[in-house]
Amino acid sequence: MNTKNQNEIKEEIIAMTYGHAMWDRTIEFAEKCSWRAGAYLAEKMRTDQFEENERVLAALIDGEIAGYCTFSNYDEIPPEHGLTPFVGFMFVDEIFRGHRLSEKLIDAACDVARSQGYSRIYLMTGEIGLYEKYGFEKQGNLKTLYDTEDQLFSKELKPKKKVVVVPYDETWKQSFIDIRNELADALGELAESIEHVGSTSVEGLSAKPIIDIDVVIKDRTMLDKVIEALEKIGYRHEGNQGIPGREAFKYEDKDHLMKHHLYVCAEDANELKRHMAFRDYLRSHPEAVKEYSRVKTEGAKLYPEDIDSYIEYKAPFIEGIYKVIGF
């Protein structure tokens, strides 16, 4: 088992067709793996039972195969259902679990699907509560080619967000003020304060040109009134999106304002304290601003169309700052 520090481990996902340099090694791995379906995949690969657009995807850790899946036109249901394409044969070796390889393999299969013009991908599984966290939704149960019944899941393939990082722009200060004034007029005394957070709030820091704003309220008993007030000026409540203590809001038809992300936090919320502490640390440490700018710019060049990989690339720097400031 690999005992390296997480940041020292080299992970790679490769998408293969017959003849790829890793093809035979993947066959050998599939044959020897603990999952009985691995032998079936190995035989399909050995005899090249794949269409031209289909792929076998392998996850590598430091050059060693750690898992695999397939991108295929059909899976274990009859083609007459008209559903295509599928993620299949998902397996990660037990000793490599915990590296989020299943998620990364699925993401890679989704990228293959997008590149071929698909807007939805499917998956058949007997697992409950596993693939939902990767964005799949259960569509129902279907009879398989083997006269058994299995669960059908699907996932909408939205276009990936492009990553754009630009040098600090002095106009971001005024852009925040413009948004704050509109919010303040609508919220009045409901808001304790309206804070400019995120990278655009730190002078000299390169950033995605999006203003991040935290509306601070006294406590969560105020939330319903805040939601109502924000609805009147075009913001809709989206819930906490999996981050406790931070309520997200979306909007449309605000072309007069710079693009922004709006959150509402109670003044004792840990997420608000994190935002503020991170911002204030950077504002008082110019050397950290310079290094974070470098990391963000480099990440955007490496992953210009992969926001998830960009976020993962800059995560060690962010975690290092939070460690320094006690979060």
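**Notebook: a walk through the model**

At 0% relative accessibility, T26 is buried. I started with this residue, keeping in mind that the model is predicted.

**T26 and its surroundings**

I placed T26 in helix 1, which covers residues 23-32. Then I looked up what T26 touches, skipping neighbours within four places in sequence: M16, M45, V56, A58 and I65. T26 and D178 are 152 residues apart along the chain, and their C-alpha atoms are separated by 56 Å.

I65 was on the contact list of T26, and I went there next. I65 sits in strand 3 and is buried, at 5% relative accessibility. Beyond its neighbours within four places in sequence, I65 is in contact with M22, R25, T26, F29, A59, L60 and F96. I checked a pair here too: I65 and D93 are 28 residues apart in sequence, with 8.7 Å between their C-alpha atoms.

**The whole protein**

I stepped back for the overall picture. I have eight helices and 12 strands in the protein. Along the principal axes, the C-alpha atoms fill a box of roughly 70 × 45 × 30 Å. Of the 327 residues, 46% count as buried. I also looked at contacts between residues at least 6 apart in sequence, and 62% of them join residues at least 24 apart.

**Cysteines**

How many disulfides does a search of the whole structure find? I got zero.

**Helix 6 and its cover**

Which residues of helix 6 are buried? I listed E271, L272, H275, M276, F278, R279, Y281 and L282. Their cover includes three strands, namely strand 8 (193-197), strand 9 (211-217) and strand 12 (260-266). Helix 7 (286-302) and helix 8 (307-324) are also included in that cover.

I took a closer look at helix 7. Helix 6 packs against helix 7 at an angle of about 105°, and the axes are 6 Å apart. That angle makes the two helices roughly perpendicular. From helix 6, the residues in this contact are F278, Y281 and L282, and they meet P286, A288, V289 and Y292 of helix 7. By class, the contact has seven nonpolar residues, no polar ones and no charged ones.

Most residues other than glycine have a negative phi, and most peptide bonds are trans.

The peptide bond from T84 to P85 is cis, with omega near -5°. I found P85 in the loop between strand 3 (64-72) and strand 4 (86-92).

Where is D147, buried or exposed? At 59% relative accessibility, D147 counts as exposed. It has a positive phi of about 60° although it is not a glycine, and its place is in the loop between strand 6 and strand 7 (149-156).

D253 also went into my notes, with phi near 60°, a positive value in a residue other than glycine. D253 is found in the loop between strand 11 (247-251) and strand 12, and it is exposed, at 72% relative accessibility.

**One more loop residue**

I finished with E132, in the loop between strand 5 (120-125) and strand 6 (137-143). E132 counts as partly exposed, at 37% relative accessibility. I looked up the distance to M222 too: the two C-alpha atoms are separated by 32 Å, with the residues 90 apart along the chain.

Note on methods:
Residues numbered from 1 in each chain as written. Predicted model: local features only at pLDDT ≥ 70, side-chain atom pairs only at ≥ 80, totals over all residues. Heavy atoms only, no water. Disulfide = S-S within 2.5 Å. Buried < 20%, exposed > 50% of the residue type's maximum accessible area, 1.4 Å probe, protein only. Helix = DSSP H or I, 4+ residues; strand = E, 2+ residues; numbered from the N terminus. Contact = heavy atoms within 4.5 Å. Axes fitted to C-alpha atoms, helices over the stretch in contact; angles between N-to-C directions. Parallel < 35°, antiparallel > 145°, perpendicular 65-115°, else oblique. Nonpolar A, V, L, I, M, F, W, Y, C, P; charged D, E, K, R; others polar.
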